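Hi everyone, thanks for coming. Let me put the structure up on the screen, and then I'll walk you through it.

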Amino acid sequence: MMFALAGNQNCGKTTLFNQLTGSNQHVGNFPGVTVESKEGVIRGYKENTVVDLPGIYSLSPYTNEEIVTRDFLLKNKPDGIINIVDATNIERNLYLSMQLIELHIPMVIALNMMDEVRANGGTIKIDKLQEELGVPVVPISASKNEGIDELIDTAVRTARNRQYPRRQDFCSGAVHRAIHSIAHLVEDHAERIQTPPRFAATKLVEGDEPMRNALNLSENEKDMVEHTVSEMEHELDTDREAALADMRYTFIDHLCADSVVKCGESKEHARSVKIDNLLTNKYLAIPIFLLIMMTIFWLTFGVIGSFLSDLLSEGIDLLTAVVSDALTAYGMNSVVHSLVIDGIFAGVGSVLSFIPTIVVLFFFLSILEDSGYMARVAFVMDKLLRKIGLSGRSFVPMLIGFGCSVPAIMATRTLSSERDRKMTILLTPYMSCSAKLPIYGMFTMAFFPENRALVMIGLYVLGMAVGILMGLLLKGTLFHGNPVPFVMELPNYRLPSPKSVCMLLWDKAKDFLTRAFTVIFVATIVIWFLQSFDTRLNPVSSGEASMLAGIGRWIAPVFAPLGFGDWRASTALLTGFSAKEAVVSTFAVLTGANTANMPSALASVFSPLTAFSFLVFTLLYTPCVAAISAVRREMNSGKAAVGVVFYRQVLLGLSRLPFIIWGCCLCDREDMIL
Amino acid sequence: MNGIDFAILAIIFVLVVLAVRYAWNHRNSCGGNCSGCSHSQSCQNLRDHSEKK
């Protein structure tokens, strides 16, 4: 048998799914949409599977998730529905339950988070709920694995014995009359498309277009339906959707009044409200957020992260020296020696030294996220984002973009509006990803040692500012219209879990190490080879005569107006296309510098002004190939990917801005051009 | 070039092949930063499921 697991978002559905299936899961996509599907075998019941449907609040076709869930339930005909309800938020959850009952499929309600209800002094009369709703209700706590076995037994028994909901009619008065008359009218049409007549009637009363089209009513029947609904609206003096919502919530209110003893407000919730009075204050919210982020940046780039990075750099240099001496002692061939030391160790080592900076940054960000503060930031940002045509929901993918653009672009799948999704995809690359951190770190260390944190903050702010400008431009051109309303649950504040923070940091470090020893490793060897040999594959003593210098000089004139026309700079930017960290390793190989003398090596290529111009260029130029592939995949359009590459190029003129500003300050013009 | 040189080159060659294979096998994956990704759990389950098969 197959069961569908349905419920609101954040009600513990995934936790329950994991408890039901253990590791016996299969992940895929619902056909035709970018909505994830998960299916698993129920443990202990090998012939029974459960499908985890997306979290939804109703069965109305406003979002992809709602459409997918409804289509699945109507077309795939599961043997049973397990409706998970958050007992701490029962009224809102039962709204969906009532609609699921109308589907006339054997159903069990899993009343989750009962441990929290009990802990806060509340009680729920399960028998009363069962009697009034007409379906079995099983109290559980998915996170604590309580009641799961009983739930499985009840669900299997209900489905096996085809125990349909004993009650579907929760209404009275005008709504009741309207639904019943329409149900009789469309009964044969509904049975033809294998849809319960009552469900079809309810959807027609709501004005559900897909249902109207699916039923294929005649013009006369459509007129009769509209007339019936109009009479109902006139009698109740309200619109159809409000009438149905009122009907459902009236029933829910009476039901909860009889069967739910409200728990007192939890201490966590009361504390969260007090904290929110400050952190989401109308005037203080954004300044507080900016202050927190600046503090994090200062700690990361100015204090902790830079100290640890310098320490690691010294260790890597020491190791490099030891290996170099050992290879020399063994009589290693000079070319092989150069490959290992000047190529691999220099290139990969220069990137690895930035691990502490990245880990420290994400340590602080994960604390903010785990504590629940980031949800507030999304809420606070909603008003600002609306000015550029997006909602606060877009903030989450953008925040992920500070780590890596690729998962950020994929995270836009959570946006229900296609317009919002595309716009967010195009703007996310402006959030400077962590792969660029080694570049920023290397240049700020070399040219702005006293103001590292300030320069870093400036770059991030510049990226966001340019993103905002582009948002305004896109809003006025390609993406007219308004963003969808933003509804979000604010979880209670909580102390970050050390385990989840450590796991997150380990994931981050592992990911960085993987990239360093794969993409960067190969790129470093390729760069070393091109830099060490000429076109006849003869070893060269100076990089100036190498193949790479030839390639670099060919493209260098493009970058000359921006102040860094040196072939090494242009070559490094080219390698950044594969992975941004490769810019650092390329400089290390091209300048022959280790982490200790990198600043002086870079000084032979850049001046402080051109270095800053280079940083601005790095911030704004083409994303890496992985990000471009993600854009192509998520937008299902090669043109979009090409557009992302090219439309950003027009912004590269901003790299010239430091020169303009410097010129306005009447500084020595010789400093402006290298 | 002596035996040690060739041995080092062979090791580096193997590492390059492994790195290129890894990058090719993961060419359609998200590219990393699982820690910040809302789909990271799914990715892990899919990998585990594929490995079990």
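**A walk through the model**

Okay, so in chain A, 56% of the 674 residues are buried, where buried means under 20% relative accessible area, exposed is over 50% and partly exposed is in between, using a 1.4 Å probe and protein chains only. A quick word on ground rules: this is a predicted model, where local features need pLDDT of at least 70, side-chain atom pairs count only at pLDDT 80 or more, and totals for chains, interfaces and linings use all residues. Residues are numbered from 1 along each chain as its sequence is written, chains are lettered from A and ligands numbered from 1 in the order in which they are written, and side-chain values use heavy atoms, with hydrogens and water left out.

Chain A has 30 helices and nine strands; these are DSSP runs numbered from the N terminus, with helices being H or I of at least four residues and strands being E of at least two. Take the contacts in chain A between residues at least 6 apart in sequence: 73% of them join residues at least 24 apart. Contact here means heavy atoms within 4.5 Å.

Now for the empty space. Rolling a probe the size of a water molecule over the atoms shows where empty space is left. On a 1 Å grid over the protein atoms alone, a cavity is a set of points where a 1.4 Å probe fits but cannot get out, while a pocket is an open set with protein on both sides within 12 Å along at least five of seven lines; lining residues have an atom within 4 Å of a point. Grid points are joined across faces, edges and corners, and a volume is the space filled by probe spheres set on the points.

How many cavities of 30 Å³ or more are there? The count is seven. The largest cavity holds about 190 Å³, and 19 residues line it, with A:Gly403, A:Cys404, A:Cys433, A:Ala435 and A:Arg515 closest to its centre. Helix α22 of chain A, residues 498-532, gives the most to that lining, with four residues.

Let's stop at A:Gly403, which sits in the loop between α17 and α18 of chain A. Is A:Gly403 buried or exposed? It counts as buried, because its relative accessibility is 4%. A:Gly403 and A:Lys508 are 105 residues apart in sequence, but their C-alpha atoms are 9.1 Å apart in space.

Next, the second largest pocket, with a volume of about 720 Å³. Its lining has 26 residues, and nearest its centre are A:Phe289, A:Leu290, A:Met381, A:Phe402 and A:Met464. Helix α21 of chain A gives the most to this lining, with seven residues.

Another glycine, A:Gly552, lies in helix α23 of chain A. A:Gly552 counts as buried because its relative accessibility is 0%. Leaving aside neighbours within four places in sequence, A:Gly552 is in contact with A:Trp567, A:Ser570 and A:Thr571.

Last, confidence. The predictor gives the complex an ipTM of 0.74 and a pTM of 0.65. Chain B has a mean pLDDT of 67, and 49% of its residues reach 70 or more; pLDDT is the predictor's confidence in each residue, from 0 to 100. Over residues 31-53 of chain B, the pLDDT is below 50. Where pLDDT is low, the predicted coordinates should not be read in detail.
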